[in-house]
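Here are my notes from a first look through this structure.

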Amino acid sequence: MKIGLVCPYTWDTPGGVRSHVADLALTLQEHGHTVSVLAPVDDPADLPSWVVDGGRAVSVPYNGAVARMNFGLKAANNVRRWVRDGDFDVLHIHEPLAPGLSLLACWVARGPIVATWHSSHVRSRMLSAGYYIAQTAMEKVRGSIAVSEDARRTLVAHVGGDAVLIPNGVRVAAFHEDGRLPQIAADVPTILFLGRIDEPRKGLDVLLDSLPMMIEQIPNIQVYVAGPGDLGEQHENLNPALSQSVTFLGRLSDKDKARALRSVDLYVAPHTGGESFGIVLIEAMAAETAVLASDLLAFRRVLEDGKSGALFANEDSSDLAAQAVRLLGDSAAREQLVDAGRTRVREFDWDVVVDDVIAVYESVGMPGEKVTTDIRGQIVGRLGMRPVS
Amino acid sequence: MWLLIIITLLLVILGLYLSMTAGRIDRLHLRIETSSLALDAHLLRRSSIALELATAGVLDPASGLLIADAAHAARTSADLDAVSKAQAESDLTAALDAALEDPEETAEIEITELGSGLLDELDAAFRRVQLSRRFHNDAVRACRQVRSQFLVRIFRLAGHTAWPETCEMDDTRPHGLTER
């Protein structure tokens with residue numbers, strides 16, 4: 001099939017939706033499909049051949065955060081030209097209500113259109129204000145996919161309509177990265193933390209609070225903290241006695257993240273809330289690392305209530321310390337978690353998940369039907385879509 | 001004078017709204033037509049594979065006969081009204097479920113390459129039927145919502161197109177397929 005994917009957020013900035021689109025595009029290509037991705041691009045220098053530059057993005061406040069997206073007549077023309085030249089069998093729009101390329105693609109295209117809903121906390125104020133526009137664009141979407149039960153509920157409640165649940169995938173093979181991360185010590189018990197260090201919900205404080213208790217039992221323990229964020233505050237608060245046991249690695253590339261996961265004995269996810277899915281746990285299981293996570297509902301679901309990863313009471317540093325000490329001292333228990341995780345993660349492997357996505361593609365159109373451009377009946381369309389030569 | 005301007009303005013806004021809404025309804029009708037055709041295509045695919053499975057000699061003769069009969073009835077239901085057609089498709093689902101209910105028995109069909117290939121295809125067809133029926137009913141729901149608006153009804157924006165109906169049938173995958 002010839003598939004057009006639209007990503008509303010800049011290709012240059014890492015993010016959940018952007019990596020979802022990239023992984024889906026790569027997997028579809030491995031399965032023999034032709035894929036073109038339209039996304040805003042800041043630096044077109046090392047763009048893969050299958051990504052098309054949708055124009056430079058501007059920063060706008062959207063849905064409680066600042067997102068980089070693009071607008072305007074030029075962007076609309078870019079989208080229209082891409083749709084017209086792409087000759088797609090299916091157009092797959094991500095986060096369709098993000099006011100940028102995604103919404104524009106909904107306006108200018110007609111035919112077999114599929115949309116994936118990622119966000120689970122779209123502000124209802126924005127939706128009610130843009131209700132007519134949203135409704136009109138959404139009516140062209142023939143099949144909706146939601147990546148989580150929360151995202152599905154948001155769609156049903158605020159926009160109306162139904163969605164098929166297809167979870168986020170992980171490219172499992174990409175986490176079998178060879179070689180250790182040289183910064184990580186090989187001969188002592190090691191723990192890894194991933195995530196923004198200045199975001200309280202990621203729970204770094206809970207982990208650091210538990211460290212003195214762990215050091216009592218395992219004096220040579222080493223904790224590695226990888227992720228972006230301001231180091232200053234964490235450094236100041238860090239007890240000098242602990243500083244020998246903690247190493248800040250900063251932001252890691254995807255490859256180094258996989259290496260870091262494979263180099264440590266235990267991955268700890270002390271998140272205190274706000275997680276709807278827990279993709280990071282799946283990544284750790286894909287890298288064949290034992291997982292210890294807080295007992296948030298989303299994490300309990302992913303870890304099958306402790307079967308494929310150990311759990312500790314959320315925000316309870318002493319429980320975290322006790323569980324970590326137990327696991328670090330028991331390689332057989334860790335091995336068992338890794339084995340269970342390897343089985344669990346197969347359900348989320350893009351290689352498997354992509355079949356469900358293709359089933360959706362094949363259910364929205366008639367054989368031989370193509371995506372075409374649409375300028376009918378839309379006032380905005382008439383103003384914005386001058387004929388392109 | 002001002003009154004005239006205001007009335008004209010209101011009429012223009014009403015006109016624009018009606019024209020845009022008529023466009024929406026037109027698009028929704030087109031979407032329902034397409035989704036219904038897609039659903040029919042997947043139902044036809046399912047009954048073809050069911051017929052193939054029934055006559056391939058991988059089932060016991062009684063199940064084979066049951067499925068072949070139901071598949072034939074489903075394939076020839078195209079000219080019937082929507083309710084009888086849905087009934088014929090539900091009957092096929094029931095026949096397939098009767099034959100493929102037990103995962104252990106289904107596992108025996110899978111021993112042969114022919115059997116396992118047909119089960120793969122049947123399962124894929126089942127899932128596409130489920131998805132396309134869901135998408136079709138979603139399109140019907142969206143269309144009904146617009147068509148029941150007050151202005152749409154008094155200005156008859158939907159024209160003479162029949163009130164859209166959802167497709168109600170049993171398309172539950174047989175236990176033996178889900179447990180594979």
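I began with pairing: two strands pair if DSSP finds at least two bridges between them. Strands here are DSSP runs of E with at least two residues, helices are runs of H or I with at least four, and both are numbered from the N terminus.

I noted that this is a predicted model, where local features need pLDDT of at least 70, side-chain atom pairs count only at pLDDT 80 or more, and totals for chains, interfaces and linings use all residues. Residues are numbered from 1 along each chain as its sequence is written, while chains are lettered from A and ligands numbered from 1 in the order in which they are written.

I looked up the partners of β1(A). Strand β6 (residues 90-94) of chain A runs parallel to β1(A), joined by 4 bridges, and I found A:I3 opposite A:V90 in β6(A). Strand β2 (residues 34-39) of chain A is also parallel to β1(A), with 5 bridges; there A:K2 stands opposite A:T34.

**Entry: helices α2 and α3**

How closely do the axes of α2(A) and α3(A) come? I read that helix α2 (residues 72-86) and helix α3 (residues 101-108) of chain A have axes that come within 9 Å and cross at roughly 60°. The axes are lines fitted to C-alpha atoms over the stretch in contact, with angles from 0 to 180 degrees between N-to-C directions.
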